[in-house]
Amino acid sequence: MFARRIAVVGSGYVGLTTGACLASLGHRVTCADVDPEKVDRLSAGRVSILEPGLSELVAEGLAAGRLEFVLGASKAVLDAEVVFMCVPTPMGVGGAADLVAVESVISEVRDLLPAGCVVVNKSTVPVGTAERMHQLLNRPDIAVVSNPEFLREGSAVHDFLNPDRIVVGSSAQDAAERVAALYARLGAPTVLTDAPSAELVKYAANCFLAMKLSYVNAIAELSERLGANVADVTEGIGYDRRIGQAFLQPGPGWGGSCLPKDTHALIQAADAVDFDFMLLRATIDTNTRQRQRIVTKIREACGGSLDGVRLGLLGLTFKAGTDDLRDSPALAVAELLRDEGAELTAYDPGVAGAVPGVTDTVRVVDDAYEVAKGAAGLVLLTEWPEFRTLDWARVASLLEGRVVVDTRNHLDPDVLRRAGLSWRGVGMQPVD
């Protein structure tokens, strides 16, 4: 495999992970961003994203001279053989993906791209975006390739370097093969296809995972009503290789930067071709209902009313191992609790300082035991490992009440019982 000159436009967690990992594979990578402070910070090797292994890879790439950061896409693309687009595509009006950033970059670099280079969509974009970009470029000598990412926050570096598959789609076969060759050292199965199929793969994968999570939350509710244990149920079905163990953990609902926007975007795409995607709509509705069901569980555990009740919240991020609060189900539950009059104090290892839209309604502290002081109960909303190892006897001595509502089934009910606490999980019978 020959080393390539690569430009990565955007240095969010996808762009930065892509750039750092490609540099670790021997390519020369230039990452571009529009924020001068961020460029200076990254050029000095300071990574603010909470992502295991990423800081080390950035430092290695800088030291080896294979990774650099510049201000503006126009500086990055001048001698690039491959240009990766890793800019945000947030949910826009009506749920469709907002492509303003993508189209802005195309307009900026269109006349600067070297002849014969390949533009690669790494961002999650609607089906048809590759063709739209090709039209906007108006450069017959430039090929556009769809190469969706499948990175999980909190394990993005591992996922990039140990992929389940590489998906590459384009109408230009030679361009698709050039992009696929960038990953040759990883030895992953490679799917070479057309651009629309590659674009749909990302949405289809994420929406399937969302359906799986909504399904297991429905099974958890059914388990409670029938007196079954959802942990045993999911273990029993998870050993079926057609189903698998992943994404069978009940909780307060799914969220984060991908699943909410991707499910709504696929609904929009289905509506555009007059297809009523009832299964996906039910997935979204079930997820919304799950958050209210969690609040009902907390209300009942606290005696039937939350008005004026002080609650401690363990976790605010959408998943452990990240500092990402975007579309966090923990925050959605917190807002519903606040609407019912609860007084909330929260601790999350990934959240520090003032957070707009969060700390103005929830008091955030920097110690898990501070959350317990004087609270009528604790609610675990994010599955941080450190919550398992709390001194639960100390927690019990600080609480005013006895109840712990574990929305992730993350804690050991027997440990809490021995500490004199009452455990309430999801899809499982209470332990007092």
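Author: Tyr13 has a relative accessibility of 10%, which is under the 20% cut-off, and therefore counts as buried. This is a computed value, and the model itself is predicted. Tyr13 belongs to helix H1, an element that covers residues 13-24. Setting aside residues up to four places away in sequence, Tyr13 touches Ile49, Glu51, Leu151, Glu153, Ala156, Ser257 and Cys258. A further distance places Tyr13 relative to Ala246: the two are 233 residues apart along the chain, and their C-alpha atoms are separated by 23 Å.

H1 and helix H3 (residues 54-64) have axes 9 Å apart, at an angle of about 55°. The two helices are therefore oblique to each other, and the crossing of H1 past H3 is left-handed. On the H1 side the contact involves Leu16, Thr17, Ala20, Cys21 and Ser24, which meet Leu54, Leu57 and Val58 of H3. By class, this contact comprises six nonpolar and two polar residues, with no charged residue.

Helix H12 (residues 278-301) and helix H13 (residues 329-339) have axes that come within 9 Å and cross at roughly 55°. H12 is therefore oblique to H13. The crossing of H12 and H13 is right-handed, whereas that of H1 and H3 is left-handed. From H12, the residues Arg291, Gln292, Ile294, Val295 and Ile298 meet Pro329, Ala332, Val333, Leu336 and Leu337 of H13. Eight residues of the contact between H12 and H13 are nonpolar, one is polar and one is charged.

Another buried position lies in a strand. Ser146 is part of strand E6, which spans residues 143-146. Its relative accessible area is 3%, so Ser146 is buried. Apart from neighbours within four places in sequence, Ser146 is in contact with Asn121, Val167, Val168, Gly169, Ala195, Ala198 and Glu199.

Asn138 is not a glycine, yet its phi is positive, at about 50°. Most residues other than glycine have a negative phi. Asp274 also has a positive phi, near 60°, and is likewise a residue other than glycine. Asp274 is placed in the loop between helix H11 (259-272) and H12. With a relative accessibility of 73%, Asp274 counts as exposed.

These details belong to a chain of 16 helices and 14 strands. The radius of gyration is 23 Å, close to the 22 Å that the globule rule gives for 432 residues, so the chain is as compact as a globular protein of that length. Along the principal axes, the C-alpha trace spans about 70 × 50 × 40 Å. Buried residues, of which Tyr13 is one, make up 52% of the 432 residues. Among contacts with a separation of 6 or more, 71% are between residues 24 or more positions apart.

Conventions:
Residues numbered from 1 in each chain as written. Predicted model: local features only at pLDDT ≥ 70, side-chain atom pairs only at ≥ 80, totals over all residues. Heavy atoms only, no water. Axes fitted to C-alpha atoms, helices over the stretch in contact; angles between N-to-C directions. Helix = DSSP H or I, 4+ residues; strand = E, 2+ residues; numbered from the N terminus. Parallel < 35°, antiparallel > 145°, perpendicular 65-115°, else oblique. Left-handed = near helix turned anticlockwise from the far one by under 90°. Contact = heavy atoms within 4.5 Å. Nonpolar A, V, L, I, M, F, W, Y, C, P; charged D, E, K, R; others polar. Rg over C-alpha atoms; globule rule 2.2 N^0.38 Å. Buried < 20%, exposed > 50% of the residue type's maximum accessible area, 1.4 Å probe, protein only.
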